[in-house]
Amino acid sequence: MTSCIKTLGGKKHFQTMSIDDQSDSEYFSSDPVQYRKRLDAQFYETPCEELAMSLLGKVLVRRLDDGTVVRGRIVETESYLGHEDAASISYKGKVTPRNEPVFMKPGTAFVYMTYGMYHCFNISSKGDGASVFLRSIEPLDNLNTMAYLRKQFKKSTKTVIANKDLCNGPAKLCISFAIDIKSCNKQDLTSWDGMWVEEDENSKLIDTIVCSPRIGIKCEKMWQDKFLRYYIRDNPCVSKIEKTKMNELKYSQIENIK
C-alpha cells in the first residue's frame with residue numbers, strides 16, 4: 001500500500017492506494033506514457049461504427065478546475081447510429097434540448113444523466129444524430145485524484161477502490177474524470193482546454209477487438225442484437241466480458257480504422 005496527501009479545493013486529503021492491483025496486468029505499467037497530438041476535427045468526421053473502434057486505445061484527457069490533469073485509455077465503446085437506430089437517443093431524427101449535442105459537429109461532447117444521479121458521456125460522430133458512447137477507461141495518470149472523486153461521490157473514505165475498477169463503467173468514468181453536464185456538455189473536444197482525446201505513442205494494447213451487442217438496451221430485438229459494442233480483448237478494465245454473442249477482429253485488418 002502507498003499513501004499520499006492530496007490537495008483539492010484548498011483542503012488536504014489523506015489517500016491510500018494499493019499498487020498490488022497494478023501488478024496483475026501488463027496494462028498497468030510503471031513506464032511513462034508518451035502522448036502525441038490532440039485528435040483533430042478530421043478524426044471525428046468518421047462514420048459512427050468506425051469512430052467507435054478508432055477511439056479504442058486513444059487517451060482521454062481531462063483538466064480539472066484546480067489544474068490537475070487526469071488521463072485514461074479508452075478500452076470500451078458503443079455505437080449509437082442516430083436516425084435508424086431504435087436504441088439511439090436521436091431515433092427517427094427527433095431533436096430535443098437534451099440530445100442536441102449529437103446533432104452538433106463531430107467531436108462534440110454529449111453528457112446526460114441517467115437514473116437521476118449518474119452522468120454518461122458520448123462523443124458525436126459523422127451521421128445525423130450519431131454518437132459514440134464511452135463505456136470504460138483504463139486509468140493512466142493521477143489515479144489518486146480519480147479515487148478521491150469516486151470516494152467523495154460515495155460519501156465514504158473507507159473503501160479502497162482497485163485501480164482497474166476506477167473507470168470500468170460509464171458512470172464510474174464520468175465520476176473519476178469529473179465529467180458532468182454543467183462543465184462538459186456541448187464542448188468541442190478538438191479545441192476546449194478542459195477535455196480532449198490524444199494519440200498514444202506507446203500503445204501496445206490493441207491486437208484484437210471484440211464486437212458484441214450493446215449492454216442494457218431495451219428496444220426492438222433487431223437493434224438489441226446488433227454487434228455495436230467494441231472493446232479491447234483481455235484488457236482488465238472492460239466493464240463486462242462477452243462469452244457467447246461476440247466476434248473478434250484483428251485490429252490491423254480493420255478497414256478505415258484510424
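In the predicted model described here, Met195 is in contact (heavy atoms within 4.5 Å) with Arg38, Leu60, Val61, Arg62, Ala109, Phe121, Ile179, Cys184 and Leu189, its neighbours within four places in sequence being left aside. Met195 is also among the residues with the most contacts inside the largest nonpolar core, which has 59 residues, and Tyr44, Leu55, Leu60, Phe121, Ile179 and Ile209 are the others listed with it. A nonpolar core is here a set of buried Ala, Val, Leu, Ile, Met, Phe, Trp, Tyr and Cys residues joined through side-chain atoms within 4.5 Å, where buried means under 20% relative accessible area, exposed over 50%, and partly exposed in between (1.4 Å probe, protein chains only). In soluble globular proteins, nonpolar side chains tend to be buried together.

Residues are numbered from 1 along each chain as its sequence is written. Because the model is predicted, local features need pLDDT of at least 70 and side-chain atom pairs count only at pLDDT 80 or more, whereas totals for chains, interfaces and linings use all residues, and side-chain values use heavy atoms, with hydrogens and water left out.

The structure holds 17 salt bridges, a salt bridge being a side-chain nitrogen of Lys or Arg within 4 Å of a carboxyl oxygen of Asp or Glu. In one of them, the closest N and O atoms of Arg73 and Glu138 are 3.4 Å apart; Arg73 lies in strand E5 (residues 69-80) and Glu138 in strand E8 (residues 131-141), so that the pair links distant parts of the chain, 65 residues apart, strands (E, at least two residues) and helices (H or I, at least four) being DSSP runs numbered from the N terminus. Both partners are buried, Arg73 with a relative accessible area of 5% and Glu138 at 0%.

A salt bridge also joins the side chains of Asp188 and Lys105 (3.1 Å, N to O). Asp188 lies in the loop between H5 and strand E9 (195-200) and Lys105 in the loop between E5 and strand E6 (109-114), so the pair ties together parts that are 83 residues apart in sequence. Asp188 counts as buried at 18% relative accessibility, whereas Lys105, at 38%, counts as partly exposed.

Helix H5 (residues 181-184) includes Ile181, which is partly exposed, with a relative accessible area of 34%. Neighbours within four places in sequence aside, Ile181 is in contact with Val111, Tyr112, Met113 and His119.
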